[in-house]
Amino acid sequence: KALALEPDVVLMDVMLAGPTDGVTAAHRIHESKDIPVVYVTAYTDDKTLARARETGPFGFVTKPFEEGSLRASIEMALYKHQIDLRLRQSEERYRQIVLGQERIEEGLIRLVKLESLIAELSGEMIAVTPVSMQQHVNRLLRTIGGFIGADRAFLHLFDGGATVLRAATEWTARGVAPSSAT
C-alpha cells in the first residue's frame, strides 16, 4: 500500500496481519521506492533487530512510545533521508565529472595519436612515385578512416579554391557500399 501512496515516511510494525511481516514489506519498499522506513514495534529481540537492520531503516521506535519520541524519530528520519539524497546526488555529479574528465583525456590521447599518424603518413607521401600514388592514398584513407571509426573517407582534388576538380579516391569500411557521390 505504501508503494501506491508514496508517503514521505513509512511507520512500519514488524508484525502485520497477513502472510507478509513488516520487515519483508520494508525490504520491498526499500527495493522499489526511495521512502524512509521507521519501525514502530514491541519486538526487540536480536533476530528481529538483525532482520530489520538489513532493510536500512531510518529509525526504530519501541512500543509503548511517547508522542514526542515518535515525532522526533520521524523528523530525524526525514532529515537523514534528505541528507542521504543530497549525498547520492553529489556522488552522481562527482562520477559524471570524473567520467567527463576521462573522456577528455581519452580524446586528447586519440588526437595526439592521430596527429602522429598523419605526420607519419605525410612523411611517406613525400617519397611516393606517380605509379604507387593510388596505393599510398588508399592506405592513407584506410588508416585514418579506421582510426577515427568512420565507415567511409574521401580524398578530393581542389583547384586551389572551393571547386572540386575530381574525387580521387573513396575508402569504405568492410561491408559498406561505395557511394555514388565520388
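**Exercise 1.** Classify D34 as buried, partly exposed or exposed, and describe its salt bridge.

*Solution.* Step 1: D34 has a relative accessible area of 42% and is therefore partly exposed (buried means under 20%, exposed over 50%, partly exposed in between, with a 1.4 Å probe and protein chains only). The model is predicted: local features need pLDDT of at least 70, side-chain atom pairs count only at pLDDT 80 or more, and totals for chains, interfaces and linings use all residues. Residues are numbered from 1 along each chain as its sequence is written, and side-chain values use heavy atoms, leaving out hydrogens and water.

Step 2: The salt-bridge partner of D34 is R88, with the closest N and O atoms 2.5 Å apart (a salt bridge is a side-chain nitrogen of Lys or Arg within 4 Å of a carboxyl oxygen of Asp or Glu).

Step 3: This pair links distant parts of the chain, 54 residues apart: D34 is in the loop between α2 and β2, R88 in helix α4 (helices are DSSP runs of H or I with at least four residues, strands runs of E with at least two, numbered from the N terminus).

Step 4: R88 is partly exposed, at 38%.

**Exercise 2.** Locate the salt bridge between R51 and D21.

*Solution.* Step 1: The N to O distance is 2.7 Å.

Step 2: R51 belongs to helix α3 (residues 46-53) and D21 to the loop between β1 (10-12) and α2 (22-32), so the bridge ties together parts 30 residues apart in sequence.

Step 3: D21 is buried at 18% relative accessibility, whereas R51 is partly exposed at 33%.
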